[in-house]
Each structure stands twice: as structure tokens, then as C-alpha cells.
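Here are a few friendly notes to read alongside the model. They start with charge pairs and then move on to one helix.

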Amino acid sequence: MKKFLSIAILAFLSISALAGTDPIKVVYGPWVQNVTEDSFTILWTTKEKALSWIEYSEDNGTTWYQRKHQTAYETVTGRRMIGTFHSVTISGLKKATTYCYRIVGKPIADDSNPYAVAYKATRAANGTHKIKTLDYSAPECKFSMVNDMHFNDEKYASLMAGMDKENTDFIVLNGDIVSFSNYQDTLIKHTFGPIKDIAGDFPTIFARGNHETRGAEFYLLPKAFPTNTGEFYYTFRQGPVAFIVLDAGEDKPDSDPEYSDQAEFDNYRLKELEWLKEIVKDPMIAGAPKKVCIIHIPTFKGPDKWYTQNWIAENFTPLLNKAGIDLMLSAHHHKYILAQPGEHGNDFPIVVNSSEERMDVRATKDRIEIKTYDVDGNLVHSIEY
């Protein structure tokens, strides 16, 4: 009996020792948001409640263990955050520079005592990632865009598998990646799960679709997709291109029964309209050689168009025309549509990407090239402006 107990105790101690060296369990992520020339935000979720942080350093060609690393935590009014959802913003970086990072954390053993939180062993997550800051002076801008996946993870993964990782600055998710957001975990699972191999290494530009306004936990969406305005309308720039990301909200009138008396998108869009009037004057936008608008619902106008499309065409389009927009990239219709200037009061082309294709865009100060590919990697459309 003593021999049996000795063996059992040794086995337990061995398992305990190994548990302390296991990587911290990341459920979803990391994914990267709100990248600028000198900052970016890294987000992830963990299985266990934990105090987590980011270790990072400039990529100088050496291995991870050959250089020193800095640390960054999520803090709120002077306190480091503990939880299962983690969001760390790193600032003070160099433009056009690649940084390596990894997730580290201490799972919580007991936090019931406000004066003595008990932690488990400090552990790093599996693998390191690299992210490159933006560069407003770069000669070109390159990105890939998908939209309207509606929980179809297999198609989403297949489309993104063909992305040219060596020639992509960021990824655009142009709405309706999910059909609703009853639970934040479901949203994150279907938005970043299918691209988990690349989500930690490429910034994600998110344009909210009308379906992402739906579901019980819709209000948690901004937490997963932080922007520089705190809204789903915002601007950013890479190289010669200034981007205006707009949010059309829902596609039907606020009074539609489908919204269960919860919609107030008319007021939301009016607030957005006032913001747009001012932001187009920003030197970063006004002085850019190329200007691109990203919006899930295109600004199409006509008697056969739904309420929101006519509203945004009548209100957003004149301001975008005045700002000298060169191109609008949209989604929503699940098929490829090319609307030439003048068709809907627009002075710029409107390209609607199909839900069955990935769009790759390359822009310089002189031209914009657009190519779309199907799940098998076949070139479907190719246009240039």
C-alpha cells in the first residue's frame, strides 16, 4: 500500500510540474486591430481567467531568445486587467517596421481575496507572431477583402488560403461575416477561427454589415473590433491611399417588425453624416493621392432599392463626390456588380464583391488594380482604374 501511495504521489507531482510548463490556452486569436504608423492593438481570448500580457520586440533578424523584449498590459485606470477577453494596445512604435510578439499569462487560481490574488504558473502561448506597422509614405498599398460569409467557415478559409501573404498589408472584412451575434464567442469563432493561421500577423479592417447589428450581444462588437473613433465609421491610411470606412447600419426602415422595436439607425446615420462632413477635410484624407471608401451596403439609388440604400445614396454620396473619392468597395448583394460613375449619382466607380470571391487590391498614386478569385484560386474579374 505504501509503495502504491508513493507511486501515486510521484505521478501527481510529475503531472503538476508538467502543467506549469504547458502553454497558456488561447481559445481564439490573436487578431490585430487599429494599426497605425506607431501602434496596434492585439486581442485574444483564453480558456481560463488570467492576467495576460504581450511580450514584443522589433524584428532585427535574430531569433526570439536572442533579444530583449518589452511588455504591454491591458490597463483600466491604473489597474492591469484580469479576464478571459484580452485587448492590449502597443504604442510608441516605428512606422513601416515589423514587430514580433507573443502572448504570456498567469491563469488565476483564486481572486476572491482583493489583497492577495493567487496565480498559477506563468506560461507563454504557443508560437510567436509578426505584425508590421503602416507607412503613410509607402509607394503602394495592397490588401485582400472578403464579405458575406454568413457562418460559412469552409468557404471563408478556402478563399483566404489563396491570399498572397508576402504582398498584403492588411485584410478587409466587409461585413456579414456572421449572420447574427447572439454570443460574442460565436462572433469571434466565425470571424477569426477560419483565418487563425494569419489573423495574428495581418491587421484586420472591419466594416460592419447589417447582419452584424443583429443578435443579443451585438453591443459587444466594438470590443472585438476597436477603432480610432470608437464607432464603425473611421479612417486610416496606408501609402498613397486614404480610406474612409462607413457603416450603413440596417437595410430596412427602423420601424420594420424584424428589428423588434430596437432599431434607431436613422439617428446613428445622422451622427455619422455630421462626422463625414468634417473628416473629409482632414489633411490625411484630403491630401492623399487616392481615396477609397469601404462600406458594406453600396450607395445604390433607385425605385427598386431598399430604404437604407436610397438614404446613403442621397446623403453620403454628395459628400464623397466632393471629397474626390476614387473608388467604393462594397458587398451585401452576394454577387459581383460594377457600377460606373454616374449610375447612382456617384462620381466614382462602385465595385461590389461577390460572396464567392476574394478581392485583391493593389493601389499606387497613379492607379488601382482589382482582381477577384474564387475558392479554387481562379481569376474571375480583373479591372484597373
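1. Searching the whole structure turns up 26 salt bridges, each a side-chain nitrogen of Lys or Arg within 4 Å of a carboxyl oxygen of Asp or Glu. Please keep in mind that this is a predicted model, where local features need pLDDT of at least 70, side-chain atom pairs count only at pLDDT 80 or more, and totals for chains, interfaces and linings use all residues. Residues are numbered from 1 along each chain as its sequence is written, and side-chain values use heavy atoms, with hydrogens and water left out.

2. Helices (H or I, at least four residues) and strands (E, at least two) are DSSP runs, numbered from the N terminus.

3. Lys155 is buried at 12% relative accessible area, while Glu356 is partly exposed at 41%. Here buried means under 20%, exposed over 50%, and partly exposed in between (1.4 Å probe, protein chains only).

4. Asp266 is partly exposed at 24%, whereas Arg269 is buried at 0%.

5. The buried residues of helix 5 include Phe265, Tyr268 and Trp275.

6. Finally, a network of salt bridges links Glu140, Lys142, Arg362, Arg367, Glu369 and Glu384.
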